[in-house]
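User: I would like to learn how to read charged contacts and paired strands in a model such as this one. Could you take me through them step by step?

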Amino acid sequence: MADEKDVVVEFLMSKSSSKSKFYFKDFTDLFPDKGPREVKKILTKLVNEEVLEFWSSGSTTMYGLKGAGKQAHTEGED
């Protein structure tokens, strides 16, 4: 699973200049050979390790690197 976690983190780092939060579907596209449940397990492990964090608008949940993005800066998390 370490390689899969690296794929997620590298994807987020490569997109960090344009976006900081991503939909679950963005990650399922990274692993076309895996089902949604397997991808969810990878993301959950990264959240539990505090590499990623959830962000919710109330109706949509997104994922991003912990402490990245405007939301973190406005809430004094940086």
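Analyst: Let us start with the term itself: a salt bridge is a side-chain nitrogen of Lys or Arg within 4 Å of a carboxyl oxygen of Asp or Glu. Side chains of opposite charge can pair when their charged atoms come close. Please keep in mind that this is a predicted model, and that the structure holds 4 salt bridges. In one of them Lys34 pairs with Glu4, with the closest N and O atoms 2.9 Å apart. Because Lys34 lies in the loop between helix H2 and helix H3 while Glu4 belongs to helix H1, the pair ties together parts that are 30 residues apart in sequence.

User: Which residue forms a salt bridge with Glu53, and is Glu53 buried or exposed?

Analyst: The partner of Glu53 is Lys21, and their closest N and O atoms are 3.7 Å apart. This pair links distant parts of the chain, since Glu53 sits in strand S1 and Lys21 in the loop between H1 and H2, 32 residues apart. Glu53 is buried, with a relative accessible area of 14%, and Lys21 is buried too, at 12%.

User: How should I read the pairing of strands S1 and S2?

Analyst: For strands, one looks at the sense of the pairing and at the bridge partners. Here S1 (residues 52-56) and S2 pair in the antiparallel sense over 5 bridges, and Trp55 has Met62 in S2 as its bridge partner. The two strands form a hairpin with 4 residues between them, where Gly58 in the turn has a positive phi of about 110°. Strand S2 (residues 61-65) is mostly covered, with 4 of its 5 residues buried.

Methods
Residues numbered from 1 in each chain as written. Predicted model: local features only at pLDDT ≥ 70, side-chain atom pairs only at ≥ 80, totals over all residues. Heavy atoms only, no water. Buried < 20%, exposed > 50% of the residue type's maximum accessible area, 1.4 Å probe, protein only. Pairing = 2+ DSSP bridges.
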